[in-house]
Amino acid sequence: MIYKNISLKKYNTFGLDYKADNLISIKTEEEAISILKENRKIDQPLFVIGGGSNLLFTGDYKGTLMHSEIEGITIEEEHPEYVIVSAGSGVNWDKFVERCVNNGFGGLENLSLIPGSVGASPVQNIGAYGIEAKDIIEKVRVVSVSDGSVSELTNNECRFGYRNSIFKEEFKNRFLVIRVYFRLSTNPILKLDYGSLTDEISKLGGVNIRNVRQAVVNIRRSKLPDPEILGNAGSFFKNPLVDKDFANALREQYHGIPFYDDPSGKIKLAAGWLVDQCGWKGKRIGDAGIHEKQALVLVNYNNATGKEIFDLSEKIRQSVSDKFGIELEREVEVIGSI
Ligand code: EPU
């Protein structure tokens with residue numbers, strides 16, 4: 001289905017009301033193949049979007065956006081210890097998590113309530129509370145944007161990193177994700193080592209997969225704004241990685257600074273803490289602001305433009321650079337001129 005001159009308001013969680021010349025919404029794999037085989041007939045540039053929960057448009061989109069509405073959740077394989085479950089890329093992420101938790105399949109519960117669709121989970125390698133999509137993704141089925149051919153990438157081939165994958169690097173914008181296959185445990189080993197999670201679960205009673213989901217939902221609701229009510233794209237910045245010596249010097253100066261050992265040997269700092277220390281939490285410039293409970297989240301109070309949100313993010317980056325000598329990297333992808 002091709003829409004012309006369509007509003008993007010419901011295709012980005014910032015709620016920005018720009019327009020796209022064309023938006024192709026894909027409902028089946030066959031439709032994706034037949035449209036992309038004829039790629040040359042599509043107005044360029046062609047850009048693939050997911051649930052729009054990690055995008056910042058700065059103006060109308062001249063060209064074609066492609067978006068998956070492929071539905072369907074299937075149990076592909078059942079083994080004594082695990083199941084392989086696949087979901088169409090257009091399935092709402094949290095609906096998928098809920099279904100799996102209700103079936104007693106473990107692995108996704110820590111990723112509850114993350115906005116967006118299943119198709120974005122491998123692209124972004126979404127993560128929360130000690131789990132990343134890479135820990136449970138078995139393979140990813142994609143259609144090539146240039147010729148409509150279908151292929152499957154194994155977990156390794158996806159080259160997952162922190163909020164990163166091959167789909168954001170060499171394969172950027174070259175594939176439309178069709179289905180994602182997850183390996184979930186029928187005998188779940190729960191991951192509860194994220195501080196506030198254990199406290200919240202103990203308030204709910206026993207440790208089980210439903211309570212883990214509920215605890216994550218409660219924590220996220222208490223800290224993060226619901227995009228349906230207040231436009232936002234979750235964490236706007238990535239947590240920066242710094243060298244050990246640099247981190248030690250900062251710890252001498254700022255005793256409460258949160259830090260985490262990273263498998264790379266570097267130290268991961270909390271971008272939210274850094275932004276908060278610069279005094280930004282709860283600040284507002286026009287209709288663009290920083291959430292009052294979480295300095296990592298930029299919000300659109302109503303009528304902010306994408307450029308205003310971008311400019312605010314640049315001011316924040318500058319102040320973190322001036323105070324700490326750290327250059328924050330955006331997690332959100334900016335689409336359009338700035
Ligand atoms: N902090 C502050 N002030 C703030 C925000 C945070 O001092 O305004 C401190 C907290 O007290 C804590 C530390 O910074 O000591 C880390 O904060 P938090 O636990 O809230 O987690 P985060 O590092 O800010 C990351 C992910 C989230 C994910 C949570 C939970 C990134 C960029 N963000 O946030 O992911 O939900 O951990 O695992 O990695 C997203 O990607 O959109 C997202 C929300």
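How many salt bridges does the rule find across the interface of domain 2 and domain 3? The rule finds two salt bridges across this interface, a salt bridge being a side-chain nitrogen of Lys or Arg within 4 Å of a carboxyl oxygen of Asp or Glu.

The structure is a predicted model, in which local features need pLDDT of at least 70 and side-chain atom pairs count only at pLDDT 80 or more, while totals for chains, interfaces and linings use all residues. Residues are numbered from 1 along each chain as its sequence is written, and side-chain values use heavy atoms, with hydrogens and water left out.

**View 1. The interface of domain 2 and domain 3.**
The protein chain is divided into domain 1 (2-68), domain 2 (73-199) and domain 3 (231-335), with bounds that come from an automatic or database domain assignment. Between domain 2 and domain 3, the C-alpha centres lie 26 Å apart. Five residues from domain 2 and five residues from domain 3 take part in the contact, where contact means heavy atoms within 4.5 Å. The size of an interface is often given as the accessible area lost when the parts come together. For domain 2 and domain 3 this buried area (the accessible area, with a 1.4 Å probe, that two parts lose on being put together, summed over both) is about 530 Å², and carbon and sulfur atoms give 33% of it. Of the area that domain 2 buries against domain 3, Tyr162, Arg163 and Lys172 supply 74%, more than any other three residues. Arg163 also forms a salt bridge with Glu331, in which the closest N and O atoms are 3.4 Å apart.

**View 2. Charged side chains over the rings of Tyr162 and Tyr82.**
A charge is said to sit over a ring if NZ of Lys or CZ of Arg is within 6 Å of the ring centre and within 35 degrees of the ring normal. The charged end of Lys268 is placed in this way over the ring of Tyr162, at 3.5 Å from the ring centre. Arg183 lies over the face of Tyr82, and here the distance from the ring centre is 4.1 Å.

**View 3. Aromatic pairs, with Trp93 and Phe96 as one of them.**
A pair of aromatic rings is described by the distance of the centres and the angle of the planes. Rings of Phe, Tyr and Trp (its six-membered ring) pair if their centres lie within 6.5 Å, and planes under 30 degrees apart count as stacked, over 60 as edge-to-face and the rest as tilted. By this rule the count comes to 10 aromatic pairs. The ring centres of Trp93 and Phe96 are 5.9 Å apart and the planes stand at 65 degrees, so this pair is edge-to-face. Trp93 and Phe96 are three residues apart in helix α2 (residues 93-102), and are therefore separated by about one helical turn; helices (H or I, at least four residues) and strands (E, at least two) are DSSP runs, numbered from the N terminus. Trp93 is buried, with a relative accessible area of 0%, and Phe96 is likewise buried, with a relative accessible area of 0%. For these labels, buried means under 20% relative accessible area, exposed over 50%, and partly exposed in between (1.4 Å probe, protein chains only).

**View 4. The ring cluster of Phe14, Phe236 and Phe237.**
Phe236 and Phe237 form an edge-to-face aromatic pair, with 5.2 Å from centre to centre and 65 degrees between the planes, and both residues are buried. Ring pairs link Phe236 and Phe237 with Phe14 into a cluster.

**View 5. Salt bridges, including the one between Asp21 and Lys62.**
A search of the whole structure finds 23 salt bridges. In the one between Asp21 and Lys62, the closest N and O atoms are 3.8 Å apart. This pair links distant parts of the chain, as Asp21 is in strand β2 (residues 19-26) and Lys62 is in strand β5 (residues 61-68), 41 residues apart. Asp21 is partly exposed, with a relative accessible area of 29%, whereas Lys62, at 57% relative accessibility, counts as exposed. Arg284 and Asp287 meet through their side chains in a salt bridge with an N to O distance of 2.7 Å; Arg284 counts as partly exposed at 47% relative accessibility, while Asp287 counts as buried at 18%.
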